[in-house]
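Reader: I'd like to learn how to read a few features of a fold. Can you walk me through them with an example?

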Amino acid sequence: MVLDGVKLDAHKTAALRARFDKLGLKNALIIAGAEVDNAFMLAARNIPNVDVLPNAGLNVYDVLRRHTLVLTREAVEAIQARLTEKEAA
């Protein structure tokens with residue numbers, strides 16, 4: 001799943017959980033871009049089976065232990081750039 005971004009005005013876990021329920025996210029890894037929005041990270045850390053990482057934290061272990069991988073557009077572009085660099089080398 002790709003989202004435009006993951007930013008919150010306030011770190012309210014209940015509000016974030018309601019958003020996740022609308023999206024059908026029960027067990028997810030969210031790659032949020034170069035830096036994770038602090039309010040989003042604080043709200044998400046209280047939700048079981050949801051992990052939030054920056055681009056640099058992307059790893060196979062975390063991807064495989066969650067049912068859904070959620071990427072921001074920024075994360076997709078960064079991952080594409082990183083893989084393209086390695087192919088060119």
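Reader: Let's start with Phe20 and Phe40: buried or exposed?

Author: This is a predicted model, so keep that in mind. Here Phe20 is buried, and Phe40 is buried too.

Reader: How many aromatic pairs are there?

Author: Just count rings whose centres lie within 6.5 Å. That gives 1 aromatic pair. The ring centres of Phe20 and Phe40 are 6.3 Å apart with planes at 70 degrees, and planes over 60 degrees apart count as edge-to-face, so that's what this pair is.

Reader: Which parts does the pair tie together?

Author: Phe20 sits in helix H1 (residues 13–23) and Phe40 in helix H2 (residues 38–44), so the pair links parts 20 residues apart in sequence.

Reader: OK, on to the sheet. What is the order of the strands?

Author: The general idea: strands of a sheet pair through backbone hydrogen bonds, parallel or antiparallel. In this case, 4 strands form an open sheet in the order S1-S4-S2-S3, with parallel pairing.

Reader: Which residues stand opposite each other or are bridge partners in S4?

Author: S2 (residues 28–31) pairs with S4 (residues 68–72) over 4 bridges, in the parallel sense. There, Ile30 stands opposite Val70, and Ile31 has Leu71 as its bridge partner. S1 and S4 also run parallel, joined by 2 bridges, with Leu3 opposite Thr72.

Reader: And which helix lies across S1, S2 and S4?

Author: That's H4 (residues 73–88), running at about 90 degrees to S4.

How values were computed. Residues are numbered from 1 along each chain as its sequence is written. This is a predicted model: local features need pLDDT of at least 70, side-chain atom pairs count only at pLDDT 80 or more; totals for chains, interfaces and linings use all residues. Side-chain values use heavy atoms; hydrogens and water are left out. Two strands pair if DSSP finds at least two bridges between them. Contact means heavy atoms within 4.5 Å. Axes are lines fitted to C-alpha atoms, for helices over the stretch in contact, and angles run from 0 to 180 degrees between N-to-C directions. Rings of Phe, Tyr and Trp (its six-membered ring) pair if their centres lie within 6.5 Å; planes under 30 degrees apart count as stacked, over 60 as edge-to-face and the rest as tilted. Buried means under 20% relative accessible area, exposed over 50%, partly exposed in between (1.4 Å probe, protein chains only).
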